[in-house]
Amino acid sequence: MIAGFASKVHRKFDGSAFELMAETVDQALEMAGIIPGEIDGLVTTFLPGVFDGNTYLHFFTNQVRQYLGLRARYIDMLDFGGASALSMIYRAQKAISAGEASSVICIIGGKASEVKALGTTVDSMDKVYDHISITPFDWIYRIYDSLNPVSDYALVAARHAKLYGTDDTVRAKLAVQQRFNGKGNDKAMYRDDLTVKDVLASPVISSPLHLLEIVYPVDGFHVFVVSSKHTSLRDLEIKAYGEAHWAEMPPELPDITITPAKDSSRVAAFDLERVDAFELYDSFTTTVLLQLEDIGLVQKGQVAKFIEEHDLRYTGDIPLNTGGGSLNCGQPAYMSGGVILEEALLQLNDMAKGHQVKGVNNVFINGIGGWSRSHSVSLVLGERN
Amino acid sequence: MRLSEIISSYKSTLMAKKLPFLRCRACSYTFYYTRDICPHCHSRDLEIMESKGLGTVFSVTTLLNKEKQRTNYAIIELDEGFRLYSTVISDKPVEIGTRVSLKILEIDGSSYPFFVALKN
Ligand SMILES: [Zn+2]
């Protein structure tokens with residue numbers, strides 16, 4: 001199913017996004033042993049300002065294909081933010097199964113540095129450009145000072161702490177265990193030792209969230225080649241899959257500590273006992289804790305106890321974000337989906353040198369995306385039966 | 001009701017230093033964000049109400065704004081049941097559960113709801 005994959009990530013890439021994308025595509029195709037002429041499908045995503053600094057690229061999939069010289073008979077464009085990457089390979093596989101394509105290239109990425117240079121983040125692009133909206137209600141709430149999206153997750157972390165006593169230490173412990181995993185990963189940007197004290201001593205950006213609990217946006221691409229062709233990679237299949245897309249403004253949610261991962265994981269309905277590693281979306285420490293509860297590893301509100309009782313390192317009893325996650329690898333183009341999907345593929349193919357979990361047959365991956373945690377995609381990858 | 005009517009009614013209510021909200025006549029759901037359809041039951045039988053302006057801090061985060069001033073970005077739950085993003089004006093840290101009351105402020109010629117802690 002997955003014939004090849006690649007990533008190219010830089011703190012700041014000085015060349016063009018098209019150039020970096022093409023390099024990443026080349027590398028993924030090389031692994032797959034597929035020539036560009038064999039690709040007949042494309043699935044990608046786009047966030048304003050992030051690809052190459054343009055707020056909008058007219059007919060984006062045309063521009064991607066024009067640059068790569070790619071004619072296609074299947075195209076899809078997803079809009080789930082960080083969760084898009086997971087859905088890309090599912091939809092590509094579905095198109096192949098339906099005979100609509102034979103080899104589909106999935107591309108996610110861009111240059112976060114273009115947005116950072118404006119002194120903003122992708123979810124606050126409306127503050128620097130006219131004619132960009134975040135919601136249909138911007139006129140009545142975007143006047144308040146916030147650090148969207150950090151402050152929105154901070155509100156969730158604060159509420160979780162109030163309801164369940166999930167204090168700063170719990171989130172810091174998660175960050176420390178992810179760093180341990182990142183130390184063995186040569187793709188990780190942050191590989192120094194990290195302690196709970198270090199996390200808590202880092203500046204509070206939006207209380208209660210500290211700097212070391214927040215992803216660092218970077219430039220980069222992830223490319224996944226989904227194909228009917230067999231390659232040297234392990235023959236994987238999607239064992240379980242679920243999506244959930246919620247409609248509320250965050251203040252309207254009955255409970256802001258619950259994410260749509262609760263619904264997407266229920267749709268996926270996979271026995272978690274059979275999972276050998278978990279790759280959960282880690283835009284913030286809080287995001288991971290919420291998913292641990294929402295996918296059903298532990299009851300809502302009990303995650304502090306869970307963190308206490310389990311070893312989440314790649315050598316532990318519940319390996320989680322085994323390559324350090326995007327908290328340590330950086331978040332290309334404000335979307336962590338490519339990072340966690342690539343890590344799952346490394347684990348399943350026994351290619352995770354220095355952070356390989358022993359005997360990985362099934363990996364549970366969960367992506368959260370869109371402003372305000374509106375999307376979740378749950379995906380289990382494992383060897384074809 | 002057209003969306004444009006809802007928005008202009010909201011603006012004049014805010015200008016009069018009151019907090020508007022929407023109530024669905026079909027299912028009684030109350031909400032703040034301006035839609036001409038009930039997000040719960042999809043009825044279009046809505047009415048615009050005026051809040052008493054009393055509520056509770058549902059969640060709050062403190063951050064530094066562009067001018068490096070501390071600000072308390074919050075979700076406020078009004079006594080009528082609806083919630084909205086706002087800011088609690090306070091020099092001191094604000095806790096979840098704090099009772100607050102409405103304070104309308106004018107920004108660039110338009111009025112917006114802010115909140116202050118109620119003195120006990
Ligand atoms: Zn209704």
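## The second largest pocket

Helix 6 and helix 7 (168-183) of chain A each supply at least two residues of the lining of the second largest pocket, and so does strand 4 (54-64) of chain B. The model is predicted. This pocket holds about 360 Å³ of space.

## Cavities

Six cavities of 30 Å³ or more turn up in a search of the whole structure. The largest cavity has a volume of about 60 Å³. Two elements give two or more residues to its lining: helix 6 (150-164) and helix 10 (285-294) of chain A. Helix 10 of chain A has the largest share, with four residues.

The lining of the largest cavity consists of A:Ala157, A:His160, A:Thr166, A:Arg171, A:Thr286, A:Leu289, A:Leu290, A:Glu293 and A:Val303. Four of these residues are nonpolar, three are polar and two are charged.

## The zinc site

The zinc ion is held in chain B. Its donors are the SG atoms of B:Cys24, B:Cys27, B:Cys38 and B:Cys41, at 2.3 Å. Along the chain, the donors follow the spacing C-x2-C-x10-C-x2-C. B:Cys27 sits in the loop between strand 1 (19-24) and strand 2 (30-31) of chain B, while B:Cys38 sits in the loop between strand 2 and strand 3 (46-51) of chain B. The pair therefore ties together parts that are 11 residues apart in sequence.

The arrangement is tetrahedral because the four donor atoms subtend angles of 103 to 114° around the zinc ion. For four tetrahedral donors, the ideal angle at a metal is 109.5 degrees. What about accessibility? B:Cys27 is partly exposed, at 32% relative accessibility. B:Cys38 is buried, with a relative accessible area of 0%.

## A buried serine

A:Ser84 lies in helix 3 of chain A, which covers residues 84-97. Is A:Ser84 buried or exposed? Its relative accessible area is 0%, so A:Ser84 counts as buried, the cut-off being under 20%.

Which residues does A:Ser84 touch, not counting those up to four places away in sequence? They are A:Thr45, A:Leu78 and A:Asp79.

Methods
Residues are numbered from 1 along each chain as its sequence is written. Chains are lettered from A and ligands numbered from 1 in the order in which they are written. This is a predicted model: local features need pLDDT of at least 70, side-chain atom pairs count only at pLDDT 80 or more; totals for chains, interfaces and linings use all residues. Side-chain values use heavy atoms; hydrogens and water are left out. On a 1 Å grid over the protein atoms alone, a cavity is a set of points where a 1.4 Å probe fits but cannot get out, and a pocket is an open set with protein on both sides within 12 Å along at least five of seven lines; lining residues have an atom within 4 Å of a point. Grid points are joined across faces, edges and corners, and a volume is the space filled by probe spheres set on the points. Ala, Val, Leu, Ile, Met, Phe, Trp, Tyr, Cys and Pro count as nonpolar, Asp, Glu, Lys and Arg as charged, and the others, Gly among them, as polar. Buried means under 20% relative accessible area, exposed over 50%, partly exposed in between (1.4 Å probe, protein chains only). Contact means heavy atoms within 4.5 Å. Donors are N, O and S atoms within 2.8 Å of the metal (3.2 Å for Na, K and Ca); water is not among the atoms, so sites may look incomplete. Four donors count as tetrahedral if all angles lie between 85 and 135 degrees; four count as square planar and six as octahedral if opposite donors are over 155 degrees apart and all others between 65 and 115; anything else is irregular.
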